[in-house]
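Here is a short briefing for a first look. Start with the sequence and the structure below, then read the points by topic.

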Amino acid sequence: MSTAPSTSSRLWLRAPQAIFTANDLDARGGLVIEGNRIVECLAPGQQPTAPCDVIFDARDHVVLPGLINTHHHFYQTLTRAWAPVVNQPLFPWLKTLYPVWARLTPEALALASRVALAELLLSGCTTAADHHYLFPDGMDEAIDIQVDAVDELGMRAMLSRGSMSLGEADGGLPPQHTVQKAQTILDDSERLIRRYHQRGDGARVQIALAPCSPFSVTPEIMRESAALAEHHDVRLHTHLAETLDEEAFCLKCFGMRTVDYLDSVGWLGPRTWLAHGIHFNDDEIHRLGKAGVGVCHCPCSNMRLASGICPTLELEAAGVTVGLGVDGSASGDTSNMMIEARQAMYLQRLRYGAERVTPQRALGWATRGSARLLGRDDIGQLAPGKQADLALFKLDELRFSGSHDPLAALLLCAADRADRVMVGGEWRVVDGQIVDLDLVGLITAHRRAAHQLVAG
Ligand SMILES: [Zn+2]
C-alpha cells in the first residue's frame, strides 16, 4: 500500500471496503483525486479514465466525506468536566462559568483552539465552525489567534466573530466586564471579514457574524450584524431556542417568543444558521423552513444540560437544513464528530423511531447538511468537482470484531478515531496521527493553561 503523504498529482483511492458519498453516486470503485479536488467517482470494477501517479489501496478503509462541525466554542476545552457545573442546566452553568472564562488569555486561547481542532481532525472532521464571543481585555485578536491555529492544523474553518453586548446591569445574563460596545464589535467584525474571509470553492478560512444569544446581546447588535452580513455577503450565526429559560427571557424582555424575536431583528433568512433550535412550535418550524434558516443539532450538549430534543425531522420536512455540531467543550466536553453523529442517531431514534433515523441520515447531517449550513457546495459530499476532503476509518479494533455492515458499524460500534484524513488533497492524518503535530507537548501545555484558568 502506498503511504504517499500528499497528492499533488493524480491519486486513485481504489476500491474501499465501503464508501458513503452523501449522495446517490456509486463510488465503490473508488475516487480519483487531482490536486485538491475529486475528479472521478468510479463504479465497482471501473478504471480511471487516465493513468494515476499514486494508487492507494483502500480495501481496509471505510470512506466518508470529511465531517463538518457547525458549532463549537474552542476556548471551552479549558473548562471540560469542571466539577462546579457538571450537574447544572444552561443558565446557572453559564453564570458560574462566565467569570472563569473572562480570565481567558491569548496564550490559553491559542492552546485551546489547537486542542479542539486536533481532536476534531482525529475524529474525521475537516471543516470546523467556531463561535467565539469572549473578548475581555487583552483578547482583541482572539479570531486572529484562531486563524493561526486553523492554518497550523491544515483544516478549513468558519470562524464566527461572536459578541456579547447586554450585561447584567442592562438585564442580560453575562457580567458587565465581559460585554463590548456595539461599535467595537462592528468595527472588529468588518476588519475580520476584510482580512480573512475567503470566497469560492476551496476556501480555507471564512468569517461569520455571531451575536451570542438573545439573553447576552442587544436587539441593536442583532440588527446591525445582519446588515453588515448582508453588505459583505457573509453568514449569520447565533444560539436560539436552546432552553425554556431562554424562551421565558425573550417573553419577559422583548414580549415575544424566540422566532418572533429573530424575525424582528431581520435574521429570518437563508444567511442564518442557528445552534440548537429545540423549542419551536409547528408554526415556527414552518416559518424557519420557508425562510431557509438552518439548524445545527448538538445532541451531546443538549443531553448533558438537559435542554431538550431538537425536532430534526419536522424541521427537515419544513425545508430547514439540519447539520451537526459538538458545541463547546464545557457542555459537549469531547470535540468528536463521530461520537456526535452516533448520539444524534440514537437521540433522534427516541423521538422518531429506529426505522427513520438511519446511520446514513446521521452521517448526512454531519457532512452534506453541515456543509449547507455553512453555505458551502464544494464540501460535504464525494462527487466530481468537490474538494478532496475525506475521512477514512479502519474496522480493525476489538470494538468492531464480528461486525457486518461496515457503514453501520462506524456508528453502532462507536468509531471515534479516523485512520486517515485528507483536507484539500493533503493527508493531514496518517495512521491515526496528525502530520507535523507534537500532540503530547500540546496536551501538556493545554492542561497547564486549563488549571491556571480555573485557579484564577
Ligand atoms: Zn454553543
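S163 is in contact with Y133, I185, A210, P211, C212, V217 and I221, leaving aside its neighbours within four places in sequence. Contact here means heavy atoms within 4.5 Å. This is a predicted model, in which local features need pLDDT of at least 70, side-chain atom pairs count only at pLDDT 80 or more, and totals for chains, interfaces and linings use all residues. Residues are numbered from 1 along each chain as its sequence is written, and side-chain values use heavy atoms, with hydrogens and water left out.

**S163 and its strand**
- S163 sits in strand β9, residues 156–163. Helices (H or I, at least four residues) and strands (E, at least two) are DSSP runs, numbered from the N terminus.
- S163 has a relative accessible area of 1%, so S163 is buried. Buried means under 20% relative accessible area, exposed over 50%, and partly exposed in between (1.4 Å probe, protein chains only).

**The zinc site**
- Four residues coordinate the zinc ion: H71 (NE2), H73 (NE2), H239 (NE2) and D327 (OD), at 2.1 to 2.4 Å. Donors are N, O and S atoms within 2.8 Å of the metal (3.2 Å for Na, K and Ca); water is not among the atoms, so sites may look incomplete.
- H239 lies in strand β11 and D327 in the loop between β14 (321–324) and α11 (337–352), so the pair ties together parts that are 88 residues apart in sequence.
- The donor spacing in sequence is H-x1-H-x165-H-x87-D.
- The angles between the four donor atoms run from 89 to 171 degrees, so the arrangement is irregular. Four donors count as tetrahedral if all angles lie between 85 and 135 degrees; four count as square planar and six as octahedral if opposite donors are over 155 degrees apart and all others between 65 and 115; anything else is irregular.
- H239 counts as buried, at 7% relative accessibility. D327 is buried too, at 3%.

**Helix α6**
- Helix α6 spans residues 244–254, and its buried residues are E246, E247, F249, C250 and F254. They lie on the same side of α6, because they cover an arc of only 160 degrees around the axis. The arc is that of the directions from the helix axis to the C-beta atoms.
- Exposed L244 and K252 sit on the face turned away from the buried side of α6.
- The buried residues of α6 pack against α1 (90–101), α5 (219–232), β11 (236–240) and α7 (258–264).
- G255 follows α6 and has a positive phi, near 70 degrees.

**Y261**
- Y261 belongs to helix α7. It counts as buried, at 1% relative accessibility.
- Beyond its neighbours within four places in sequence, Y261 is in contact with residues including P219, M222 and F254.

**Cavity and pocket**
- The structure holds one cavity of 30 Å³ or more. On a 1 Å grid over the protein atoms alone, a cavity is a set of points where a 1.4 Å probe fits but cannot get out, and a pocket is an open set with protein on both sides within 12 Å along at least five of seven lines; lining residues have an atom within 4 Å of a point.
- The largest cavity holds about 120 Å³ of space. Grid points are joined across faces, edges and corners, and a volume is the space filled by probe spheres set on the points.
- Of its 16 lining residues, L90, W93, L94, Y133 and H239 lie nearest the centre of the largest cavity.
- The largest pocket has a volume of about 380 Å³. Its largest share of lining, eight residues, comes from α14.
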